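Let us learn to read a structure together, one feature at a time. Please have a look at it first.

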Amino acid sequence: MTKRIYLCLAHMSDTGLEQKYIKEAFDTNWVVPLGPNVNGFEKDLEEFVASPQPSPEGKGGKRVVALSAGTAAVHLALKACGVGPGDEVCVQSFTFCASSHPITYLGATPVFIDSEKDTWNMDPELLEEAIKDRIAKTGKAPKAIVPVALYGMPYQIDRIMEIADKYGIPVIEDAAEGFGSKYKGQMLGTFGKYGVLSFNGNKMITTSGGGALITPDEESWREIMMYATQYRESYPYYQHEKIGYNYRMSNICAGIGRGQMTVANDHIAHHKHVQALYEELLKDVNGIHVHTQPGDGGYDSNYWLCTITLDPDLKIKGQENAYKTIVTGAVGGAAGVIHAADSATTDCQPNDNVEALRVFLDQAGIEARPVWKPMHKQPVYRDAPAYTNGVSEAIFKIGMCLPAGPYVTDDDVKYIVDTIKDAIV
Ligand SMILES: Cc1ncc(COP(=O)(O)O)c(C=O)c1O
């Protein structure tokens, strides 16, 4: 095998519609962060997330704002929930940093909530315990609740909404990885007050970089639109009464998004197909378990990435060399810029067999990655309150993500599974 198999690569429509929309933008000189593609992409997204649910009666339905990144969507949703200095926000610990970092941009403190075992997402029981404890300790309730659809898996949204409503706290669904995932037939991102989507290059659909915020109604949509465009009041000159941000999506990126919307359902179907194939081919491999959605019928994950866990006693070739050398090409090094790590290990890391399998797959041309390291175990959040049960830390030590994007063929999955079998001693 000569080609490298990546976790999830951007994949354009066969019809090349993305380029048609970009060309239109150039031809009409809409090379700015607003314009027909941005409006069109927002309309497409509104139709997509509304389906098949009718608009909530009397509320006029969800409205979407296209933004420069999913991170910007998290930031604006928090802002719109009134999060500010001294506030606290309950956020799933098992996630990518963009779920929690924007809380700190606003001078607030993340309160990390551990996961339950079934979906790997926010544990509703711990959430309620945390809310009660924060009220007891600080005298006020957290300002928002941020559950995350990890690798596309729906969270226990019924329970989370029930608790949120009981304490009157708004929910911001981080569905950055869960574009097109559903719970009981309803799209993720439409249950809470706000829903975050990401169109980063590795996501279910891409705009190269970009994101969107699903807002509850026209009024919230208008307010988010103001915040996303520097909060300018209507005068012939620039008049500012609130601090805004430059977060609106570019009309070029939105052109890619419009083209991608024509293949969104194909992408989702492909990810589910790849997941099913992994489940089938790995089912008899001792010591390896494919993470699957709860079987009660309500869950419909987009299976953005396939995730597996390794039994701690599973022996992998080369395991004795795991973490022996300092990694020089860290995940996320930009433009070749990385901090040289001063040790090969940290006090919380995946087990040796997981690292050995990652290296084995890498040498066979397959990109695999540990699951997200829980935020409450990140040095930068050492002082943040955390309500834990050991679940996310335990999964971090045994978990791994496997390639699942549109470029991953059936033969690729077979090759990946054969390579995994090969790696087992
Ligand atoms: C869970 C989660 N939240 C938020 C984001 C932020 O999205 P973006 O990269 O578009 O800023 C991402 C992904 O990148 C993510 O995985």
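The dialogue below takes up the ligand, the cysteines and the nonpolar cores.

Q: What should I know before I start?
A: This is a predicted model, in which local features need pLDDT of at least 70 and side-chain atom pairs count only at pLDDT 80 or more, while totals for chains, interfaces and linings use all residues. Residues are numbered from 1 along each chain as its sequence is written, and side-chain values use heavy atoms, with hydrogens and water left out.

Q: Which residues are the closest to the ligand?
A: A residue is near a molecule if one of its heavy atoms lies within 4 Å of it. Here 15 residues surround the ligand, and the closest are Thr71, Asp174, Glu177, Ser198 and Lys203.

Q: Where do polar side-chain atoms come up to oxygen atoms of the ligand?
A: A polar contact is a pair of N or O atoms within 3.5 Å. For threonine 71, a side-chain N or O atom is 2.5 Å from a ligand oxygen. Glutamate 177 has a polar side-chain atom 2.6 Å from an oxygen of the ligand, and for serine 198 the distance is 2.8 Å. The ligand taken alone exposes 380 Å², of which the protein buries 94% (Shrake-Rupley method, 1.4 Å probe).

Q: How many disulfides does the structure hold?
A: A disulfide is a pair of cysteine sulfur atoms within 2.5 Å. The structure holds 0.

Q: Which residues touch the most other members of the largest nonpolar core?
A: A nonpolar core is a set of buried Ala, Val, Leu, Ile, Met, Phe, Trp, Tyr and Cys residues joined through side-chain atoms within 4.5 Å. In the largest one, of 60 residues, they are Phe41, Leu45, Ile113, Leu127, Ile145, Phe179 and Phe199. A second, separate core has 33 residues, including Leu76 and Tyr194.

Definitions and conventions:
Polar contact = N/O pair within 3.5 Å; in protein donor to acceptor, adjacent residues only side chain to side chain. Buried < 20%, exposed > 50% of the residue type's maximum accessible area, 1.4 Å probe, protein only.
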